[in-house]
Amino acid sequence: MAVEQALNDHSWVNEQRIRMVSVLMIIATVAMVTYLFVTAHGTVDRFGRPLGTDFSNVWTAGKMALDGQAADAWDWTKHHAVQQAAHHDANIPFYGWHYPPPFLLIASLLALLPYTGALIVWQAATLALALKTFRAILTGTNATLAALGFPVVLICLGHGHNGFLTGALIGGGMLLLDRRPFVAGLLLGCMIYKPQFGLIIPIALLFGGHFRAITGACLSAALLCGLTYAIWGWPVWQAFFDSLPLSQSIVIERGSTGWEKIQSAFSATRRLGGTVELGWAIQTVVTLAAVAAAAWASRRVNPAVRNAVVMTAMLLSTPYILDYDLIPMGLAIAFLVKDGMERGFLAWEKSLYAVAWAAPFVGRTVMSNLAIPLGLMAMITILVLGCRRAALLDHQGWRLL
């Protein structure tokens with residue numbers, strides 16, 4: 001009873017514990033990154049992988065674009081050959097390039113730098129953007145420590161991934177939606193570089209009546225696509241579209257990335273032994289629920305709660321989301337905490353926020369060994385808590401319209 005009471009009234013989630021756990025996570029993150037760099041041989045870490053693992057495909061695609069081979073970046077054999085040459089190691093694993101052509105704009109700029117320098121600049125710059133976005137939601141020393149100690153930060157840095165950029169674009173867009181809608185739309189439109197998160201954005205903007213934001217989103221997306229076409233022409237788009245069936249079959253449906261890394265309902269179904277067809281059926285149900293929640297929360301709901309629901313719905317709506325893509329979930333938690341500080345916390349909320357915050361730290365291990373999708377459960381928890389706050393505090397009921 002004492003444990004249940006502590007969870008219910010969230011008395012255990014206090015300033016001291018937040019500070020202690022966050023600092024420990026930051027120390028672990030710094031130690032991990034330092035260890036990988038100190039023990040590396042050139043640009044290859046002691047485990048035989050490129051430093052920053054997934055960043056290798058970004059830098060390699062950029063180098064291929066600079067060398068006049070932009071369309072070949074989607075050819076797995078050619079891409080891997082350039083990766084091997086770049087790292088002077090024929091045995092490194094293959095990290096495929098699956099992004100739409102607009103991401104080549106950033107990749108080619110990064111490839112102007114030596115690999116290690118590009119990795120450091122990329123991670124430092126995008127982490128700074130994500131942290132700035134977080135601090136625009138929540139301020140204070142403990143909040144900053146919790147942001148830097150969020151386990152997904154460690155995962156992102158280990159993989160050299162773009163989760164920080166995704167978080168800054170989505171979080172910044174939602175944060176500015178009411179005050180500067182056109183700028184918000186410009187940021188959200190840049191998510192054309194990662195279109196699997198794009199389903200929810202137009203729905204949220206339409207149901208919220210944010211037509212200036214829609215204009216901004218269309219403009220930035222069109223500019224990025226147009227600039228890409230002007231520089232590299234149609235071949236890069238043709239190569240991207242031609243690569244989609246293989247990417248779907250190998251990466252999503254067969255889980256070559258690893259079911260323990262992928263956090264979607266589809267992946268959880270496949271990890272539990274479900275067929276591809278069952279996986280798509282369950283993912284469709286989850287996606288439709290996410291769409292409904294985002295549409296409902298976009299109408300006359302407190303902005304902080306709306307932002308949390310919409311951002312989490314974006315993550316749940318796609319069959320392909322990895323644990324290093326969960327930076328927006330951390331920002332969604334920040335939005336809900338901000339609302340809780342202003343309007344009061346409901347029962348169990350702070351306890352469940354804390355559990356969701358910590359879940360990615362052990363998510364891969366638990367999924368690998370016990371087939372329990374902690375990341376998926378954390379996202380669903382945040383979505384449900386956001387909807388509950390909207391229903392109870394904004395007096396909207398559970399109606400979609």
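Modeller: Cys 387 has a relative accessible area of 9%, and buried means under 20%, so Cys 387 counts as buried. This is a predicted model, and what follows should be read with that in mind.

Staying with cysteines, a search of the whole structure turns up zero disulfides. Cys 218 is one example of a cysteine in no disulfide: the nearest cysteine sulfur belongs to Cys 225 and is 11 Å away. The cut-off for a disulfide is a pair of sulfur atoms within 2.5 Å. A disulfide is a covalent bond between the sulfur atoms of two cysteines.

Next come the aromatic rings, which form 15 pairs in the structure. One of them joins Trp 74 and Trp 97, with 6.1 Å from centre to centre and 65° between the planes, which makes the pair edge-to-face. Trp 74 lies in the loop between helix H3 (55-66) and helix H4 (76-87), while Trp 97 lies in the loop between H4 and helix H5 (103-110), so this pair ties together parts that are 23 residues apart in sequence. Trp 74 is buried at 5% relative accessible area, and Trp 97 is buried too, at 0%.

Another pair is made by Phe 103 and Trp 122: the centres are 6.1 Å apart, but at 50° between the planes the pair is tilted. Since Phe 103 is in helix H5 and Trp 122 in helix H6 (residues 115-137), the pair ties together parts 19 residues apart in sequence. Phe 103 and Trp 122 are both buried.

These two pairs belong to one aromatic cluster, whose members include Trp 74, Trp 97, Phe 103 and Trp 122. Tyr 99, Tyr 193, Trp 234, Trp 237, Phe 240 and Phe 241 are also in this cluster.

The charged end of Arg 46 sits over the ring of Phe 47, at 5.4 Å from the ring centre. Lys 350 lies over the face of Phe 345, and here the distance to the ring centre is 5.2 Å.

Last, the surface. Leu 24 is in helix H2 (residues 15-38). Its relative accessibility is 53%, so Leu 24 counts as exposed, because the limit for exposed is over 50%. Leu 24 is part of a nonpolar surface patch with Met 20, Val 21, Val 23 and Ile 27. Together, the residues of this patch have about 430 Å² of accessible area.

Notes
Residues numbered from 1 in each chain as written. Predicted model: local features only at pLDDT ≥ 70, side-chain atom pairs only at ≥ 80, totals over all residues. Heavy atoms only, no water. Patch = residues over 30% accessible without salt bridge, like charges linked within 9 Å, V, L, I, M, F, W, Y side chains within 5 Å. Areas by Shrake-Rupley, 256 points an atom, 1.4 Å probe, with all protein chains shown as cover. Salt bridge = Lys/Arg side-chain N within 4 Å of Asp/Glu carboxyl O. Helix = DSSP H or I, 4+ residues; strand = E, 2+ residues; numbered from the N terminus. Buried < 20%, exposed > 50% of the residue type's maximum accessible area, 1.4 Å probe, protein only. Phe/Tyr/Trp six-rings, centres within 6.5 Å; stacked < 30°, edge-to-face > 60°. Lys NZ or Arg CZ within 6 Å of the ring centre and 35° of its normal.
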